Amino acid sequence: MNPEVWSQFIRENWLVIVIALVLLFAVVNIVKTMLKWAIVVVIVVGLFIYSGVTMDQIGNAVNKVADGTVSTLKNEAQEVMLKEAQEAVYTSGGDGTFTITTPNLEVKGSAAEDKVEVVFRGVSLGKWSVTDTTKTFIDEARKQAGK
């Protein structure tokens, strides 16, 4: 995934790349069925395999991007927890479960568990262990409900 490697590959195989691009444009413009997309995928995968990029490398790159995105969302959600704690609406289920909602967050959990389910701006971020930030958010929401 080094830019120098890609640059060297392009310089050495520019003719193959040009032929592949011409084939892609021809297929996209001429073929009008689902077969078109199958041919496009085969050409693109063929170029990647020819370049020496393995499916593991592609998978690793996708996983890194996904992990980075989830990490960023979690950090942002924790910041929002602290900012929106004053606006939180705490709802008790009576059986030890609770739901806390703010304009951007929804936190569901149980008093008996050390994990809560977090939804941030409509996107589920999964179950989180109760950390200091989460505990502070829950306690502040309970205080707001007691007022």
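Mentor: One definition before we start: a salt bridge is a side-chain nitrogen of Lys or Arg within 4 Å of a carboxyl oxygen of Asp or Glu. Also, this is a predicted model: local features need pLDDT of at least 70, side-chain atom pairs count only at pLDDT 80 or more, and totals for chains, interfaces and linings use all residues. Residues are numbered from 1 along each chain as its sequence is written, and side-chain values use heavy atoms, with hydrogens and water left out.

Trainee: OK. How many salt bridges does the count come to?
Mentor: Three by that rule. K135 pairs with D139, with the closest N and O atoms 3.6 Å apart. R142 also meets D139, at 3.8 Å from N to O. That links K135, D139 and R142 in a network of salt bridges.

Trainee: Where do K135 and D139 lie?
Mentor: Both are in helix α5, residues 132-146. Helices here are DSSP runs of H or I, at least four residues, and strands are runs of E, at least two, numbered from the N terminus. K135 and D139 are four residues apart, about one turn of the helix. R142 and D139 are three residues apart in α5, so about one helical turn separates them too.

Trainee: Switching to Q78. Where is its place?
Mentor: In helix α4, residues 55-84. Q78 counts as partly exposed, with 26% relative accessibility.

Trainee: What is Q78 in contact with?
Mentor: W128, T131 and T133, leaving aside neighbours within four places in sequence. Contact means heavy atoms within 4.5 Å. W14 is another story: its C-alpha is 48 Å from that of Q78, and the two are 64 residues apart along the chain.

Trainee: Now the strands. How do β1 and β2 pair?
Mentor: In the antiparallel sense, over four bridges. Two strands pair if DSSP finds at least two bridges between them. β1 covers residues 89-92 and β2 covers 97-101. Y90 stands opposite I100 in β2. The two strands form a hairpin with four residues between them, and G94 in the turn has a positive phi of about 85°.

Trainee: Zoom out. What pattern does the chain follow?
Mentor: Along the sequence, α-α-α-α-β-β-β-β-β-α. That comes to five helices and five strands.

Trainee: What is the radius of gyration?
Mentor: 25 Å, well over the 15 Å that the globule rule gives for 147 residues, so the chain is more spread out than a compact globule. The radius is taken over C-alpha atoms, and the rule is 2.2 Å times the number of residues to the power 0.38. The C-alpha atoms fill a box of roughly 70 × 35 × 25 Å along the principal axes.

Trainee: How much of the chain counts as buried?
Mentor: 24% of the 147 residues.

Methods:
Buried means under 20% relative accessible area, exposed over 50%, partly exposed in between (1.4 Å probe, protein chains only).
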